[in-house]
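User: I'm new to reading protein models. Can you walk me through salt bridges, helices and surface patches?

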Amino acid sequence: MERYQDSQLYRIRHSTAHVMAQAVLEKFPEAKIAIGPPIEDGFYYDFDLPRALTDEDLAEIEQRMRAIIKEGHEFVRKEVSAAEARALFHDQPHKIELIDGLEQGGIDEYGEKTDEAVVISTYTQDTFEDLCRGPHVANTSEINPDAISITFKAPAGAYWRGDENREMLTRIYGTAWESAEQLEEYLELLEEAKKRDHRKIGQDLGLFTFSTEVGKGLPLWKPNGAVLRDALERYLRDVQLGRGYVPINTPHIARVALYERSGHYPYYKDSQYSPFDVEGDLFMLKPMNCPHHIHIYKDDLHSYRDLPLRVAEFGTVYRYEKSGELHGLTRVRGFTQDDAHIFCTPEQLEDEFIAVIDLVEFIFNGLGLSDYRARVGIRDPESDKYVGSDDNWEKAAAAIIAAAEKRNLTFTVEEGEAAFYGPKLDFVVRDALKREWQISTIQVDYNLPERFELEYIGADNERHQPIMIHRALYGSLERFIAVLIEHYAGAFPAWLHPTQVWLIPIADRHLEYAEDVTAQLEAAGLRAHIDNSQNRMGGKIAIATQQKVPWMLIMGDRDIKNGAVSVRLRSGEDLGAMPVADFVAKAQEIVESKSLELA
C-alpha cells in the first residue's frame with residue numbers, strides 16, 4: 001500500500017501550501033512565515049500577520065492562489081549552505097531558527113527530530129522561495145485550481161513550535177484534491193462533520209463540560225455523560241469477567257522511582273507533570289498504569305498453573321498536553337484507560353493474543369464500529385528510542401504477526417509505530433464519515449518483566465520470566481466517547497443513551513398516568529424522563545428529538561382508557577398505540593440485547 005507521503009496527492013498539497021504562502025506574502029509583504037506541511041486531507045501554513053484575517057481576506061487569497069496555479073510556474077529545488085540559507089531568509093526569524101536546527105543536525109525544516117541526514121534545500125516557484133526538502137509537483141499546472149480551498153477550516157492560533165511560551169501565529173488551513181468532484185465531496189463531509197462535532201453535541205445532550213477554573217483539558221462529566229460512561233464501563237467489565245479477567249484498582253500517584261525503573265519517566269518526561277515532594281521523596285501524577293499492575297503481580301508467588309493472569313482496571317492517568325494541542329475529549333490532560341495486562345508463559349502467548357483480537361472485534365461489532373483495519377507497529381531500525389534486546393523485539397513481533405495471521409486478520413506492518421518497549425497491534429476505526437481513529441492497541445512486552453524481575457515457577461520447578469500483553473480496547477474512554485458521539489451524531493443505541501424513553505403527557509390530567517408508566521419502565525431497568533413542562537405536545541416532541549432520545553411515549557385520554565401508549569421513534573417514525581406492557585417488553589429486549597435497532 002502506497003504511503004501518503006509518497007503519493008501524488010501529498011505532492012499536490014505540499015505544493016499548494018507554498019502557493020498559499022506566496023499569495024499571503026503578496027497581500028501582507030511584512031508578514032513573517034513559519035512552516036507549511038501537508039497533513040491528512042490537506043495542509044496548513046503558519047504566519048505572523050499584521051492583523052487578524054477576515055473572510056474577505058481569505059477569499060482574496062484563494063482567488064490569487066488560483067491565478068498563480070494557472071500561470072504554470074515550475075518548482076525548482078536548490079541545495080544551499082547554512083550561510084546561504086541565512087542570507088536568503090535574513091528577514092524571516094522563524095526560518096533562521098529552523099536553519100540553525102538544520103545546521104546542527106537531527107532537526108528537519110519543520111523543527112521535528114529526524115534520523116535522516118539533513119540537507120538544507122529550498123524550493124522556488126515564481127517569486128516565492130521556501131526552506132523545504134519537498135517533495136513537490138514539477139509545475140503548478142499539476143494542481144487543479146478548481147480542486148483547492150482554504151476555507152475548509154477557520155484560521156486558528158498556533159504557538160510557534162507548539163510551545164505555549166512562544167509567540168502565537170496564525171494558522172491558515174487548506175485542502176487540495178485531484179478533481180473538483182473530490183473537493184466537493186470532501187467539503188460536504190466537512191459540513192456533516194461540523195454537525196457531528198462531539199463538543200457541540202456533548203453540550204447539547206448535557207454530557208460534559210470544561211471549566212477554566214478547574215483547568216484546561218480536564219473534562220467534567222455531567223449526569224447524562226456519567227450515565228453514558230457508566231454504561232460503557234459496565235458493558236466492558238461484564239464482558240471481561242466472562243473472559244477470565246479480574247478487576248484491580250491502583251492509586252493516582254506514585255513515586256518517580258517507579259517510572260524511572262519502568263523507563264517511562266525518561267522516555268515520556270516532556271509529557272508528564274512535574275514531580276512533587278512528599279516527605280523528602282519525589283512523587284508524580286500517574287502517567288500510565290502498567291508499572292502499578294506489575295507490582296500487583298509481584299506481590300504474590302506465581303506458579304505456571306496460575307497463568308495466564310489477566311488483570312483489568314479503568315485507570316485514570318495524567319499527561320501534560322500543550323494548550324494548543326487540546327481538543328475536546330480527543331486530546332485531554334486527564335483521561336481514563338480501560339487498561340488490562342496479561343501475564344502469561346511463552347506457550348500461552350499466541351492463544352492469549354488471539355483471544356484479545358477476538359475481544360476487540362467483539363466490542364467493535366457490538367458497538368456498530370464494523371469498519372476498521374489493523375496495523376502492526378514495529379520499531380524503526382534507524383532509531384535509538386527503543387529499549388530491550390534485538391532478540392526480544394524479534395520474538396515479540398513474530399508472535400504478533402503469527403497471531404494476526406492465524407486469526408485471518410488483514411493488517412499492514414509499519415515501521416516506527418511500536419511502543420518504546422515492544423511492538424504492537426493497533427486497530428484503526430473508520431466512523432460514519434470514513435474518518436480514521438486509532439482506538440484499540442495490543443502490545444507484547446518482554447522488556448518490563450525483565451526490568452521488574454518478574455517470575456513464575458514452571459513445571460520444571462525452576463523460575464521463569466513471564467511475558468506481558470498490554471491491552472486497551474476503548475483506549476482512552478474520553479476519546480472513545482468522542483468517536484461514538486460523532487459516529488452516531490449523538491443518536492446512540494438505546495442501551496447507551498442516557499435517557500432511553502421520553503414520556504409526553506398531552507395535558508396535566510395525563511401526568512399521573514405518565515408517572516405510573518414511568519414506574520413500570522424503571523422497574524424493567526429502563527431510563528425514563530417525564531416532560532411535565534408547559535410546552536405543547538409538538539414542542540415536547542421537538543425537545544425529545546433534539547435530545548435524540550430513542551423512544552417517545554405520547555399519552556392522552558384514549559391511551560389511558562386502553563392502558564396504552566402511542567410510540568414514536570426519534571427518526572420521526574410513528575409506531576402507533578400499543579399496550580404499555582408490550583412496549584416495556586420490546587424496549588427491555590432491545591436494551592438488554594444491546595441491539596443497534598429501535599424497532
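**Reading charges and helices**

Analyst: The term means a side-chain nitrogen of Lys or Arg within 4 Å of a carboxyl oxygen of Asp or Glu. This is a predicted model, where local features need pLDDT of at least 70, side-chain atom pairs count only at pLDDT 80 or more, and totals for chains, interfaces and linings use all residues. Residues are numbered from 1 along each chain as its sequence is written, and side-chain values use heavy atoms, leaving out hydrogens and water.

User: Why are E192 and R196 separated by about one helical turn?

Analyst: General idea: an α-helix has 3.6 residues a turn, so residues three or four places apart point the same way. Here, E192 and R196 are about one turn apart because they sit four residues apart in helix 5. Helices are DSSP runs of H or I, at least four residues, numbered from the N terminus.

User: Which residue does E191 pair with?

Analyst: Side chains of opposite charge can pair when their charged atoms come close. E191 forms a salt bridge with K194, with the closest N and O atoms 3.2 Å apart. Both lie in helix 5, three residues apart. E191 is partly exposed at 42%, and K194 is partly exposed at 49%.

User: How many salt bridges are there in the structure?

Analyst: The structure holds 46. One of them joins R77 and E79, at 3.1 Å from N to O. Some link up into a network, made of D371, R373, E414, R430, K434 and E436.

User: What about a negative surface patch: which residues form one?

Analyst: A patch takes residues with over 30% relative accessible area and no salt bridge, joining like charges within 9 Å and nonpolar side chains (Val, Leu, Ile, Met, Phe, Trp, Tyr) within 5 Å. Asp and Glu count as negative, Lys and Arg as positive, while His and the chain ends are not counted. E181, E184, E185 and E188 form a negative patch here. E185 lies in helix 5, residues 180-196, and counts as exposed because its relative accessibility is 51%.

Note on methods:
Accessible areas come from the Shrake-Rupley method with a 1.4 Å probe; for residues, only the protein chains shown count as cover. The place of a charge is taken as NZ of Lys, CZ of Arg, CG of Asp or CD of Glu. Helices (H or I, at least four residues) and strands (E, at least two) are DSSP runs, numbered from the N terminus. Buried means under 20% relative accessible area, exposed over 50%, partly exposed in between (1.4 Å probe, protein chains only).
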